[in-house]
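Morning, everyone. I will take a few minutes on one structure, so please look at it while I talk.

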Amino acid sequence: MAIRVTPVEDGDGPLNPSRRELIKRGGLVVAFIWLSGPMRAWGMAETARIDQGQPQFAPNAFVRVGNDGSVQLVMPSIEMGQGAYTGQATLLAEELDVGLDQITVEHAPPNRKLYSNPMLGEQATGGSTTIRYCWSTLRNAGAAARYLLVSAAAQHWKVDPSQCTVARGVVTHAPSGRTLRYAELADAAAQVTPPDKAPLKSPSDFQLIGKPLRRVDTPGKVDGSLPFGIDIRVPGMKVATVQACPTFGGRLVSVDDTRARAVPGVLAVVKLDNAVAVIGEHFWAARQGLDALDIHWDRGANGKLTTEQLFKDLAEASEHGTPIVGRDVGHVDGVSGKLVSATYQLPMLAHATMEPINTVVHVRPDACEIWVGSQVPARCVDVATKITGLPAERIVVHNQYMGGGFGRRLFEDSVEQAVAIAKQVDYPVKVIWTREEDIAQDRYRPAYYDRISSTLDGQGKPVAWTHRTTGASVLATFAPSAMGKNGLDPDLVECAADLPYEMPNMRVEWVRHDMPSGLAVGWWRGVGSTHNVFVVESFVDELAHAAGKDPVAFRKSMLGDNPRALAVLELATQKAGWGQGALPPRHGRGVALAAPFGSYLCVVVDVEVSPQGEISLRRAVTAVDCGMVVNPNTVEAQIQGGLVFGWSAALYSGITLKDGAVEQRNFNDYRVMRLNQTPPMEVHIVHSKEQPGGIGETATVMAMPSLLNAVFAATGVRLRTLPIDRSALVSDNNALKAALSAATPLDIPSDVASVARMLV
Amino acid sequence: MIVLSINGQDSQVEVPEDMPLLWVLRDVIGLTGTKFGCGIAQCGACTVHLDGQPVRSCVLPVSGAINKKITTIEGIGATDIGKRMQQAWLGIEVAQCGYCQSGQIMSATALLAQTPQPTDTDIDRAMSGNLCRCGTYVRIRAAIKQAATGQITLPQTIA
Ligand code: FES
Ligand code: FES
């Protein structure tokens, strides 16, 4: 199939962008269109059209109104499924007074000045900050644009702007009945002096905010037309796949590529310090070539590393390391009563985004062009600058829709690698990681080792609380300047130092124990809160049990004056029917309550545990107060998906190391939940006038403790190590043995097989 | 030279016979709606229809698709069931990142073609080979039921 190039009308041409051109295009334009075949560059033709010289009204970095009637909104965050584009477009469209069906959205180009997220200090999407940081910024941007368009209309009619109203992009002067469309006003509005601040709507006047509006990105997701980074094809492009040294910090010694080069379609074998890539006419050739390589690695200092060693080191550091205090209230030491203590252990985790890691790069002598879905587009420019030696203004990054991020695409390691590969050839290359590489070369959520204790007074009320967590810091490498003065990484104590409960005496501290050098760690959905809320809310359940109290009543008694937490606790437990009638044997109901990312959530989970230790989720009820809601449909979707993501990890996920390499390979041994395992879920949103809280990661935070507390209720077994070890839940060894001997090998899930090995 | 019938059109390709259909579609023909997720028949992202049957194209040698009618996500909207399925998907707003959804819709459409009124067990059986890391499973189930019955079971989003 022919791929032809249609240059934008500019002397420099699309493949040789001058600085002037880059500024004018904002680095955004995909400067080609598909001329043949059934594919189309979704949403991109518009960009090309606008940028081909049509006058437009661009009052700020986010709003573009063309005199052809087009309204383009530039999205400062990126879309990886979480609904950011819909939420951010809603904030702009609300104040601009246009419908979501009247706009198109564009990926923002890398530009820290215009598009940095002040909550993260970087042009980055993460930390459930998208709506929180944009809530005012984008409404102001929309309102300012509207002010200018209305002023232009009023000047044209020689009337007072206060007599004008706007609906769906049409300005009306009510007394005379005259109307003008935004398209007709775009040129004139560009001449109006911008206001310092335009008035914002009062929430009672919102037309879009708070409504379950259709997502702006979904039509192209049901017919295959929306391109993800992995779908990008540029003229002359070849396809590569890569293998990096399986041990972290290891190096390439030599490679025999004789057999690889004989594979039909293989074009080149590219060596990097710690990796080998094979470039082919298509992925299949590259993949076969890669499999045919004979690679000799220097496995490096971590060549013998094992998971057992990792946890031994963590335990040792927890015992003897120097803690950094995250919170110290009252006196934990002098308190007497019943002491309850526990140790929790959380594994390394991979992200396994559905779209494997990929990047398209074209390195030319004078410029470098990159197509990638990244949560940190400006950092992609940085690494390309580093590898190519080109100045930043000669790097163009076209950001793309992402097939999941979950924190993985906050790291630009794969982009750096792809540029290094592409630098060695003179054509564009699409580097695709196999799923095996995606799992073996992730930026893993670090492992944690937590010791926690509490003292109960005579009435069973916790009066002292100590929590020492031990693990690596992600922030220390991701954003060193954000580390606390005393060396504290606030992520390590998030939702541990700030409990929703009253606690007269408490000490929360962290022992920093970084992973061996070369083993890079990363953000994973829910970050520090996912780790801490699992420990805290499991342990609160343990305390309730030790105090002989109902877990919900126990939590209520600890809340003190915390009306938002109380409201979600009461709502979720009431909807779930908490305490109303006994459940059948081996059925259990668990609860978790927390306030992650500025929101309040309570989740109640029902499970059934078979005599063989298999867990079936039966139902989940969530109550959430995330402040003012921009799109309830998105909130519900993020709760549903976030729970599945967290349960998947609790049930199955753990990255383990043997001889320094990751043992898991693909979805067969890095298992995630499937449709048949997913229970019905109810989501109840509390009506709230509070500032918006985060939502994308919150449910993942709640998933693990609510599930584990339900398993405890069903079995009486308290699991403190993730992922869940089903062998600890077996109540009937004979039933299990009988079931296993009757089953064919294919019927046996791998986790049951591991139980079987223990029994037989 | 291999001739493939894809979405009602013949395409000629010059590729090795053992090349998986997925890569012929994506890298040679340029139909990128069919996705790569695992390469070992574990995730369903690459699902296409071969004479109406759902298959994992990442493990299907292209030779196995000769003389068969291949339907991909780009062509499924031309069938009545496919169209209904896409509409239900939008009505319920199933997709998050959307990467798995081509495969989900292909599996769901094949299910409905064989079982017009599927039970929950039928849906479990037909859909559990399709992973979704965004966890859209409850909405996938609801959308299949909506496409089957025409009954709107969840509050629909507005355009
Ligand atoms: S890519 Fe074919 S099943 Fe995963
Ligand atoms: S919608 Fe993202 S993987 Fe399914």
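**Chain B, then a sheet in chain A**

Chain B exposes about 5600 Å², and carbon and sulfur atoms supply 51% of that area; accessible areas come from the Shrake-Rupley method with a 1.4 Å probe, and for residues only the protein chains shown count as cover. This is a predicted model, where local features need pLDDT of at least 70, side-chain atom pairs count only at pLDDT 80 or more, and totals for chains, interfaces and linings use all residues. Residues are numbered from 1 along each chain as its sequence is written, chains are lettered from A and ligands numbered from 1 in the order in which they are written, and side-chain values use heavy atoms, with hydrogens and water left out.

Of the 159 residues of chain B, 61% count as buried, meaning under 20% relative accessible area (1.4 Å probe, protein chains only). Chain B has six helices and five strands; these are DSSP runs, helices being H or I of at least four residues and strands E of at least two, numbered from the N terminus.

Now chain A. Seven strands form an open sheet there, in the order E10-E11-E8-E18-E15-E16-E17, with mixed pairing; two strands pair if DSSP finds at least two bridges between them. Strands E10 (266-271) and E17 (395-399) of chain A stand at the edges with a single partner strand each, so one side of each has no neighbour in the sheet.

Which way do E16 and E17 of chain A pair, parallel or antiparallel? They pair in the parallel sense, over five bridges. A:Ile370 has A:Val397 in E17(A) as its bridge partner.

Technical notes:
Buried means under 20% relative accessible area, exposed over 50%, partly exposed in between (1.4 Å probe, protein chains only).
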